[in-house]
Every structure is written in C-alpha cells, then in structure tokens.
Amino acid sequence: MRRFRIGSDVYEEGAPDLQAALANAYARRERPLCLCREPGCPMYVARIGDLHLIKRMPLSGGGHDSSCDSYESPYELSGLGALMGSAIQVDPQNGMAALKLDFSLSKTGSRAASVPAGQNSASVAGDPRRMSLRGLLHYLWHEAELTVWTSRWAGKRHWWNVRWHLIEAAGQMTVRGGALSDILFVPEPFRAENKEAIEQRRNAVLATALPPKSGPRKLLLLVGEVKEIVSARSGQKLVVRHLPGFPFIIDDALHQRLQARFERELSLWGADSSSHLMAIATFGLNSAGLAIVEEIALMVVSENWIPYETIPEKRLVDALARLREKSVKGLRYDLQADQPIANALLQNRDEPFALFVVPAGADEAFEVSLQDMIANRPEIGAWTWRVGDGEMPALP
C-alpha cells in the first residue's frame, strides 16, 4: 500500500484521516510526497466534489518505484520522447507543462491563422518542436491517466469521470502563457432534467468564442465523443454526444481531408460498436452563433476508453483489460507508423514489462530501432508480438 508524507506526518493510502489531511494540503497548495522512493516524489492534490485525490505530477512517473501505482514507463518508449524539452517544457518548480502547438488558437478573416503551408488542417505534423492536434489529445489522455487500466475498474469508467480527469490534466498545462483549461471545452454529461442549467453553463463558456467587432477571433478547443458526422445543407455536421441540438459545422474541403487522413480511425470505429471515437478540434462561433470547426483530429478508444490504432493493438488492449495487474497504454503522439513504440506497459509484481506489437511487413529499420529501444532499457522486461508470425503470445 502506498504511503504519503503530508507536512510532517505520514499516511497510508487507505488511512481514515487521509482525506482530512488532503483537504488541508489542497487549501494550503501543499505538495504531498509519495514515499515509494526516498526522499519522496512530489504529487499534487485534486478535488472532485468533496473527494480529494493525490495525482502524479506531469511527466514524473519515471521517478516512482516500478511497484508504485504512479509509475509509468520512460517517455522514450513512446512518441512522448520526441516532444520532451521542445514541444513540452515542464517547470520543475511548479510542475506546469508549457506546450508549443503547431495549430492556431485564433482566426483572422475567413481562414484560420498561421496554418503551415502545404499542411492540411487534419494532418499530423512531424515537427518535434511543436505539438499537433492529435499529439495534444494523446498528451491530455496520458496526463489524465486515461491510458491506465486494471480489471478492477470494469464498468466504473464513464464520461463524467473521463471529463473530470481531462479538465484536471489541462489545469496543469499552459499554452501561450495561459492555462489550457481556460480554452478547453469538454461537454458535461447531458441530463434532460438539468437541460436549462447545462445550457446556461455551456453558453457562458462559449461566449468567449463569439466574434469581436474587430481583430482576430479567439478559438476554443473541443474534446468530445463523436456521435455522427452527417450532411448539412452546407457542409457537414459533427454531432457530439452530450450536446443535443448543438452541431459543429465542418466545411466540405476539411471533411474530405478528414476522411482521407483518419480513414483508419473511422473504419475501426465503424467496425466495433463498443468503441468510442474521440474528436479534438479548434472552433469558433460565427455571427449567427454556430460553432465552426477550423482544425480537427480523431482517436478511437475501446469501451474502457483506452486508445488503439490497429486491430492487433485492440486485441492487446482487450487482453490487458481482463488482467488485475495495472497496464498503461503507450501512445504514438506525432510519430509516424513506421517507428516503433512500446504499445503498452504491464506492471507485474516483480518487474514492469514493455509490450511491443510489430506490424506485419515491418522493415529492417523498424527492427533495428526496436532492438535499440529494448537494449536501452534493460531494467524493463520486453514482450514482443510479431503479427506476421501468427497469434498473439501469452502475456508475461
């Protein structure tokens, strides 16, 4: 069981007086220390209703003992490694992550501002100095710890807590000097009996995206679950769950690029009725109050909200979902598909295992990079499934 130092006192994770200590630490903005290693790893306290939770500081998981629930695999094993120190810069004093983005959060005239030449708005950038929309969605998912799973949570992860964790994670990130949470719009769960109050809260958030009389228009960032994308009288309508009667308009040119760039995600979503399709998009409101999408990216997740990119990865995710041991899904961020990542980390009792899925037809460069990745982390066990060789091996 984990132990935490709060002030001069030490508490076990299940101690009856831990909540009171956390409430005091939250009020004082004090950082508890996780004592999985000495002298302790700084954490922070988050609040959900009357409940206080101890959360891992951004990108600090590698500093925890491998047996600790806050441990995560080294970021060099995923696409996160390419972004660290450039697109993502963490302040060691306050733990805030400053993000550099390759997409615009403002709009001038009829076009989004500063869209890179030759790049369509549904693309994934290859510049490690800046983070694409998909990279940001992956980073939010990772820092919200929505990549983490154990079978003990079966049936307990719903949209309300997915939303809370995303907003909490965004509160630890800044973009262009401001809090990411200030521009992030994640729809709250819709209940017909609370329709009026929900719409009032939504309108208060969206009012900041109304077009000014002059100057650039501010864009907000949507993260939500796609219900459907259907034809409108002009362009397409993105219908987001928990937002009945509030469509997002996508013009035909952007819709065509979206279908081409995210064909894989759309086909995976269409093939599995239990999966969810997540969208991240920049949008603003026009003078009529309609939400107009400027840029968009998609990610498919399992029924437990764990991301996956291929059918073999989905099989791995499903197998891990049945285990009591904690697993953490690795994400690609802005790496291309021909570069290896640790598709997941399995935290066995004795040692963590990095799980690698090698696609059929992987070339020699992929294999060399994979072997280098394994050799550079001898303290982590390696499990490899070469899809072209047959069925998935037994998990470690």
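Tutor: We can begin with helix α5 (residues 252-261) and helix α6 (residues 263-271), whose axes come within 4 Å and cross at roughly 75°. This is a predicted model, in which local features need pLDDT of at least 70 and side-chain atom pairs count only at pLDDT 80 or more, while totals for chains, interfaces and linings use all residues. Residues are numbered from 1 along each chain as its sequence is written, and side-chain values use heavy atoms, with hydrogens and water left out.

Student: What makes α5 roughly perpendicular to α6?

Tutor: Angles of 65 to 115 degrees count as roughly perpendicular, those under 35 as roughly parallel, those over 145 as roughly antiparallel and the rest as oblique; the crossing angle here is roughly 75°, so α5 is roughly perpendicular to α6. The axes themselves are lines fitted to C-alpha atoms, for helices over the stretch in contact, with angles running from 0 to 180 degrees between N-to-C directions. Helices (H or I, at least four residues) and strands (E, at least two) are DSSP runs numbered from the N terminus.

Student: Which residues make the contact between α5 and α6?

Tutor: Leu 258, Gln 259, Ala 260 and Arg 261 contribute from α5, and Glu 263, Glu 265 and Leu 266 from α6, where contact means heavy atoms within 4.5 Å. By class, three of these residues are nonpolar, one is polar and three are charged; Ala, Val, Leu, Ile, Met, Phe, Trp, Tyr, Cys and Pro count as nonpolar, Asp, Glu, Lys and Arg as charged, and the others, Gly among them, as polar.

Student: Why is α2 called roughly perpendicular to α3?

Tutor: Helix α2 (residues 133-143) and helix α3 (residues 159-170) have axes that come within 8 Å and cross at roughly 105°, and that angle makes α2 roughly perpendicular to α3. Leu 140, Trp 141 and Glu 143 in α2 meet Val 162, Leu 166, Ala 169 and Ala 170 in α3, a contact with six nonpolar, no polar and one charged residues.

Student: Turning to the rings, why is the pair of Phe 248 and Phe 283 called edge-to-face?

Tutor: Rings of Phe, Tyr and Trp (its six-membered ring) pair if their centres lie within 6.5 Å, and planes under 30 degrees apart count as stacked, over 60 as edge-to-face and the rest as tilted. The centres of Phe 248 and Phe 283 are 5.1 Å apart and their planes stand at 90°, so the pair is edge-to-face. Phe 248 lies in strand β17 (residues 248-250) and Phe 283 in strand β18 (residues 276-285), so the pair ties together parts that are 35 residues apart in sequence.

Student: How many aromatic pairs does a search of the whole structure find?

Tutor: The search finds five, including the edge-to-face pair of Phe 246 and Phe 248, at 5.5 Å centre to centre and 80° between the planes. Phe 185, Phe 246, Phe 248 and Phe 283 form one aromatic cluster.

Student: Are Phe 246 and Phe 248 buried or exposed?

Tutor: Buried means under 20% relative accessible area, exposed over 50%, and partly exposed in between (1.4 Å probe, protein chains only). Phe 246 has a relative accessible area of 11% and is therefore buried, and Phe 248, at 0%, counts as buried. Phe 283 is also buried, with a relative accessible area of 0%.

Student: How do you know that the charged end of Arg 261 sits over the ring of Phe 262?

Tutor: The definition asks for NZ of Lys or CZ of Arg within 6 Å of the ring centre and within 35 degrees of the ring normal; the charged end of Arg 261 sits over the Phe 262 ring at 4.5 Å from its centre. Lys 314 lies over the face of Tyr 308, 5.7 Å from the ring centre.
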